[in-house]
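Hello,

I am handing this structure over to you, and my notes follow below it. Have a look at it before you read on.

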Amino acid sequence: MRREDPELAGLLDAEVHHQNNTLAMVASASTADPSVLAAAGSALANVTAEGYPGARYHPGAVNFDEVERLAVGRAKKLFAARYANVQPHSCSSANLAVLSALMAPGGTLLGLGLDSGGHLTHGSPASVTGRHYRAVAYGLDAAGRIDYDQVADLAARHRPTVLIAGASAYPRTLDFARFRAIADSVGAYLLADISHIAGLVAAGEHPSPVDHAHLTTTSTYKQLGGPRGGLILSGRDHRAPGPDGHTPLFRLMQRAVFPQNQGTPAPAAIAAKARAFALAAEPAFARTAHRTVTGARALAAELGRLGYRVLTGGTDNHMVLLDLRDTGVTGVVAERALEACGILVNRNRIPDDTRPPLVTSGIRLGCNILAQRGLGPEHMARCAALLHDVLTATTPLNETEFRIDPQQRARLRDRVHALCARHPLPYAAAVQAGAGRRAGAGRPDALWTGVDL
């Protein structure tokens, strides 16, 4: 590739260099092991095979059949599930498949409101789920925690077909047993969306919903270190009857993914999922998950000590949410100013936010990639200080524009780079060493292309 397409190869090398020299604190991201990347770029990408193992609509799937069976078995073992479907292209696709299988258009869906930390596919008006279904939103109490009494009251009044337990911006433990009790009280199906906490669930750092929820969905990249993709799981209720009263849920899910919502699966992505599930079952993954949680708690405490308003007063998972309304800096200004200094976070709406989604009054931080770098609680004071120093050096000009003194920005970037250099991303450090051996002194920055895997 470097010889035949140097432009693309250079961009790929530049991206690895960028990732290794940027302090990524994006809550919806993790880094994939080189073996996961290799599987995702394997020759399985050339296979076209609609259907499921042993029942394909195309020939040539003999090896893919075994790969998919391997991925299914590893997913079931990792999450102590009795059913797994590894074909969804994303958790959004998985959610749509589940909802379409359980509800007719116009059916009632009860999910966490978007401004309270819910996801688009949980009934937001911006999503097809908020247009095809009658979406009712539950919210938070005065302390910023899920208001379970409100959930129960709304469920009793609206009798939803599906109740969703899950969030994209909620830093506290989800009480799946309580959600199930509410769902049972009105005859609803419980769907648990654990996209943001799947790694913590797999490692035992967060309670599992698999035997509480009728169905569980997740992304495979946010915290599992896998490829872009989704996963559907079911535990003790995998044989429970669907809405027709007799078809078991696991059969409904098979049909819901293919052919009702997807066509051809992504064989190479499924191979990468299989590899990621194997890595997530290893002790090293559990140690990283523990470091993620303890690091997030330390980061939240340190930011609180520096005077920031930490939503809910702390965190139980990998995520820290900041309300910036007292600082005079909007979410988008904070995001852009931090990125200019080599730190990645994302703007995020907060409860009672009056600013539009492209601006927001808050930011969301995550410790997944920090933990993968080996950064734990003992390093969070330094990370918090970097965030604080960037934000205090930022002069907002309006809700979306800002100014930082160029010399001060350069000093801040140097501090970020120094921290990243001391704690490199595992894959970048390994691949950089390999690139150095191949390239010698001539190409020290050539870290990665597809060939290097």
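**Aromatic pairs**

There are 5 aromatic pairs here, counting rings of Phe, Tyr and Trp (its six-membered ring) with centres within 6.5 Å; planes under 30 degrees apart are stacked, over 60 edge-to-face and the rest tilted. Please bear in mind that this is a predicted model, where local features need pLDDT of at least 70, side-chain atom pairs count only at pLDDT 80 or more, and totals for chains, interfaces and linings use all residues. Residues are numbered from 1 along each chain as its sequence is written, and side-chain values use heavy atoms, leaving out hydrogens and water.

One of the pairs is Tyr52 with Phe258, edge-to-face at 6.5 Å centre to centre and 75° between the planes. Tyr52 belongs to strand S2 (residues 51-52) and Phe258 to helix H9 (residues 249-261), so this pair ties together parts 206 residues apart in sequence. Helices (H or I, at least four residues) and strands (E, at least two) are DSSP runs, numbered from the N terminus. Tyr52 and Phe258 are both buried, meaning under 20% relative accessible area with a 1.4 Å probe, protein chains only (exposed is over 50%, partly exposed in between). Ring pairs also join Tyr52, Tyr57 and Phe258 in a cluster.

Helix H9 holds Phe250 too, and Tyr83 lies in strand S4 (residues 83-85), so their pair ties together parts 167 residues apart in sequence. Both Tyr83 and Phe250 are buried.

**Helix H4**

Among the buried residues of H4 are Cys91, Ala94 and Leu102.

Enjoy exploring it!
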